[in-house]
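We will go stop by stop.

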Amino acid sequence: MKYEIKIKTGYDKNIFYKENSKLDITSNSYTLSMYPVLIELRKYEEEQSGELIADITGYYFDLDYMLNESISKFEIFDSESGEIYELYEALFDNDELLEEIETINQNIFYISDIYVSEEYRQAGYFTMIINQLDEILQYIAKLNVGVIATRIYEYETCDKIDSIEHLTKAEKEILKNKIINTLINADYKILEKDTNYLVKVLY
(Lines give C-alpha, C1' and ligand atoms only; values in the text may rest on other atoms or scores of the structure.)
Protein backbone atom coordinates (compact mmCIF):
# COMPACT_ATOMS: atom_id res chain seq x y z
CA MET A 1 0.00 0.00 0.00
CA LYS A 2 1.23 3.49 -0.87
CA TYR A 3 0.84 6.28 1.69
CA GLU A 4 0.79 10.04 1.69
CA ILE A 5 1.36 12.47 4.54
CA LYS A 6 -0.68 15.67 4.78
CA ILE A 7 0.31 18.50 7.14
CA LYS A 8 -1.81 21.39 8.41
CA THR A 9 -0.44 24.01 10.78
CA GLY A 10 -1.60 27.20 12.46
CA TYR A 11 -4.79 28.65 13.85
CA ASP A 12 -5.86 29.81 10.40
CA LYS A 13 -6.62 26.14 9.69
CA ASN A 14 -9.04 26.03 12.64
CA ILE A 15 -7.37 22.86 13.89
CA PHE A 16 -7.80 23.48 17.58
CA TYR A 17 -9.54 26.86 17.62
CA LYS A 18 -10.69 27.77 21.11
CA GLU A 19 -13.13 30.67 21.40
CA ASN A 20 -12.23 31.21 25.05
CA SER A 21 -8.47 31.47 24.46
CA LYS A 22 -7.02 34.16 26.73
CA LEU A 23 -4.68 35.48 24.05
CA ASP A 24 -5.45 37.17 20.76
CA ILE A 25 -4.75 34.39 18.25
CA THR A 26 -4.12 36.96 15.51
CA SER A 27 -1.06 38.23 17.39
CA ASN A 28 2.13 37.43 15.49
CA SER A 29 4.12 36.89 18.68
CA TYR A 30 1.57 34.32 19.81
CA THR A 31 1.07 32.42 16.55
CA LEU A 32 4.82 32.30 15.87
CA SER A 33 5.60 31.12 19.39
CA MET A 34 3.24 28.15 19.29
CA TYR A 35 0.68 26.73 16.93
CA PRO A 36 -1.29 23.52 16.42
CA VAL A 37 -0.22 20.86 13.94
CA LEU A 38 -2.29 18.15 12.26
CA ILE A 39 -0.45 15.27 10.58
CA GLU A 40 -2.55 12.89 8.50
CA LEU A 41 -1.51 9.48 7.16
CA ARG A 42 -3.70 8.58 4.19
CA LYS A 43 -3.85 5.94 1.50
CA TYR A 44 -2.30 7.34 -1.66
CA GLU A 45 -4.75 8.21 -4.43
CA GLU A 46 -3.53 9.91 -7.62
CA GLU A 47 -6.47 12.25 -8.23
CA GLN A 48 -8.00 12.77 -4.79
CA SER A 49 -7.28 12.71 -1.09
CA GLY A 50 -7.07 9.11 0.03
CA GLU A 51 -8.80 7.40 2.92
CA LEU A 52 -7.61 8.45 6.38
CA ILE A 53 -5.53 5.78 8.11
CA ALA A 54 -4.38 7.76 11.16
CA ASP A 55 -3.64 11.26 12.35
CA ILE A 56 -1.61 13.03 14.98
CA THR A 57 -2.70 16.29 16.54
CA GLY A 58 -0.21 18.31 18.52
CA TYR A 59 1.42 21.65 19.21
CA TYR A 60 4.71 23.09 18.00
CA PHE A 61 6.51 25.40 20.44
CA ASP A 62 9.22 27.59 18.90
CA LEU A 63 11.43 28.25 21.91
CA ASP A 64 14.11 29.77 19.68
CA TYR A 65 11.65 32.46 18.60
CA MET A 66 10.51 33.08 22.17
CA LEU A 67 14.12 33.53 23.27
CA ASN A 68 15.01 35.87 20.41
CA GLU A 69 11.88 37.99 20.96
CA SER A 70 12.13 37.94 24.79
CA ILE A 71 8.73 36.27 25.09
CA SER A 72 7.88 34.56 28.36
CA LYS A 73 7.44 30.83 27.87
CA PHE A 74 5.21 30.73 30.93
CA GLU A 75 2.80 33.29 29.45
CA ILE A 76 2.55 31.38 26.17
CA PHE A 77 1.94 27.98 27.78
CA ASP A 78 -0.36 29.37 30.47
CA SER A 79 -2.60 31.21 28.01
CA GLU A 80 -3.64 28.28 25.83
CA SER A 81 -5.31 25.62 27.98
CA GLY A 82 -5.01 23.66 31.18
CA GLU A 83 -3.45 20.77 29.25
CA ILE A 84 -0.70 23.02 27.85
CA TYR A 85 -0.04 24.67 31.21
CA GLU A 86 0.43 21.23 32.76
CA LEU A 87 2.92 20.45 30.00
CA TYR A 88 4.85 23.58 30.99
CA GLU A 89 4.90 22.47 34.62
CA ALA A 90 6.27 19.06 33.60
CA LEU A 91 8.99 20.30 31.21
CA PHE A 92 10.23 23.55 32.73
CA ASP A 93 11.84 24.79 35.89
CA ASN A 94 11.84 28.59 36.23
CA ASP A 95 11.22 28.99 32.48
CA GLU A 96 14.18 26.74 31.57
CA LEU A 97 13.92 23.23 30.18
CA LEU A 98 14.81 20.49 32.64
CA GLU A 99 18.43 19.36 32.43
CA GLU A 100 17.42 15.80 31.53
CA ILE A 101 15.86 16.99 28.26
CA GLU A 102 18.01 20.04 27.55
CA THR A 103 19.27 20.13 23.97
CA ILE A 104 20.95 22.52 21.52
CA ASN A 105 17.69 22.89 19.64
CA GLN A 106 15.00 23.24 22.28
CA ASN A 107 11.91 23.60 20.09
CA ILE A 108 9.21 21.21 21.26
CA PHE A 109 6.55 19.15 19.53
CA TYR A 110 3.83 17.98 21.90
CA ILE A 111 1.69 15.00 20.86
CA SER A 112 -1.79 15.78 22.09
CA ASP A 113 -3.58 12.87 20.41
CA ILE A 114 -3.01 9.97 18.03
CA TYR A 115 -6.04 8.52 16.26
CA VAL A 116 -6.11 5.37 14.12
CA SER A 117 -9.21 4.75 11.98
CA GLU A 118 -11.18 1.73 13.17
CA GLU A 119 -10.56 -0.44 10.11
CA TYR A 120 -6.79 0.04 10.43
CA ARG A 121 -6.43 -0.78 14.11
CA GLN A 122 -4.41 -3.78 15.30
CA ALA A 123 -2.29 -3.46 12.13
CA GLY A 124 0.77 -1.72 13.52
CA TYR A 125 0.04 1.81 12.30
CA PHE A 126 0.36 3.35 15.76
CA THR A 127 3.86 1.89 16.09
CA MET A 128 4.76 2.93 12.55
CA ILE A 129 3.74 6.54 13.21
CA ILE A 130 5.66 6.70 16.48
CA ASN A 131 8.79 5.25 14.84
CA GLN A 132 8.67 7.64 11.89
CA LEU A 133 7.50 10.81 13.65
CA ASP A 134 11.02 12.29 13.88
CA GLU A 135 11.41 12.16 10.08
CA ILE A 136 7.86 13.37 9.45
CA LEU A 137 8.39 16.45 11.62
CA GLN A 138 11.80 17.28 10.16
CA TYR A 139 11.50 16.45 6.47
CA ILE A 140 7.78 16.73 5.67
CA ALA A 141 6.40 19.22 8.19
CA LYS A 142 9.72 21.17 8.06
CA LEU A 143 9.62 21.77 11.82
CA ASN A 144 12.90 22.27 13.64
CA VAL A 145 12.16 20.06 16.64
CA GLY A 146 14.61 19.14 19.40
CA VAL A 147 12.22 17.50 21.88
CA ILE A 148 9.04 15.46 21.40
CA ALA A 149 6.82 15.17 24.45
CA THR A 150 3.56 13.43 25.20
CA ARG A 151 1.29 12.66 28.12
CA ILE A 152 0.38 9.02 27.87
CA TYR A 153 -3.17 9.10 29.16
CA GLU A 154 -4.18 11.68 26.57
CA TYR A 155 -4.35 9.05 23.83
CA GLU A 156 -4.00 5.67 25.47
CA THR A 157 -7.09 4.27 23.69
CA CYS A 158 -6.89 5.65 20.19
CA ASP A 159 -5.10 2.79 18.45
CA LYS A 160 -7.31 0.08 19.85
CA ILE A 161 -10.88 1.18 20.53
CA ASP A 162 -13.13 4.21 20.53
CA SER A 163 -13.95 4.10 24.23
CA ILE A 164 -12.50 2.50 27.35
CA GLU A 165 -15.71 2.79 29.36
CA HIS A 166 -16.46 -0.95 29.13
CA LEU A 167 -12.94 -2.04 30.07
CA THR A 168 -11.98 -3.23 33.52
CA LYS A 169 -9.29 -1.40 35.48
CA ALA A 170 -6.85 -4.23 34.73
CA GLU A 171 -7.60 -4.08 30.98
CA LYS A 172 -7.06 -0.31 30.98
CA GLU A 173 -3.68 -0.78 32.65
CA ILE A 174 -2.65 -3.42 30.09
CA LEU A 175 -3.63 -1.09 27.26
CA LYS A 176 -1.72 1.81 28.78
CA ASN A 177 1.40 -0.32 29.27
CA LYS A 178 1.34 -1.44 25.62
CA ILE A 179 1.41 2.19 24.49
CA ILE A 180 4.16 3.09 26.94
CA ASN A 181 6.28 0.16 25.74
CA THR A 182 5.84 1.26 22.13
CA LEU A 183 7.11 4.72 23.05
CA ILE A 184 10.02 3.39 25.11
CA ASN A 185 11.05 1.13 22.21
CA ALA A 186 11.16 4.29 20.06
CA ASP A 187 13.61 5.93 22.53
CA TYR A 188 11.11 7.90 24.59
CA LYS A 189 11.93 8.19 28.28
CA ILE A 190 9.59 8.62 31.23
CA LEU A 191 10.13 12.06 32.73
CA GLU A 192 11.49 11.94 36.26
CA LYS A 193 9.69 15.12 37.34
CA ASP A 194 6.27 13.90 36.18
CA THR A 195 5.94 10.22 35.26
CA ASN A 196 2.75 10.87 33.27
CA TYR A 197 4.95 12.34 30.53
CA LEU A 198 7.37 10.72 28.12
CA VAL A 199 9.95 12.68 26.14
CA LYS A 200 12.37 12.03 23.30
CA VAL A 201 15.41 14.26 22.76
CA LEU A 202 16.34 14.31 19.06
CA TYR A 203 19.73 16.00 19.20
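**A tour from strand to core**

Four bridges link β6 to strand β7 (residues 147-151), and the two run parallel. Strands here are DSSP runs of E, at least two residues long, and helices are runs of H or I of at least four, numbered from the N terminus. Strands pair if DSSP finds at least two bridges between them. Select I108 and you will find V147 of β7 opposite.

This is a predicted model: local features need pLDDT of at least 70, side-chain atom pairs count only at pLDDT 80 or more, and totals for chains, interfaces and linings use all residues. Residues are numbered from 1 along each chain as its sequence is written, and side-chain values use heavy atoms, leaving out hydrogens and water.

Next, select strand β3 (residues 52-61). β3 pairs with β6 in the antiparallel sense, over eight bridges. Look for T57, opposite D113 in β6.

Now colour all of β6 (residues 108-116). Seven of its nine residues are buried, so the strand is largely enclosed by the rest of the structure. Buried means under 20% relative accessible area (1.4 Å probe, protein chains only).

Which residues have the most contacts inside the largest nonpolar core? Select F109, L133 and Y188. This core has 31 residues. A nonpolar core is a set of buried Ala, Val, Leu, Ile, Met, Phe, Trp, Tyr and Cys residues joined through side-chain atoms within 4.5 Å. Helix α5 gives the most to this core, with seven residues.

Terms used: Buried means under 20% relative accessible area, exposed over 50%, partly exposed in between (1.4 Å probe, protein chains only).
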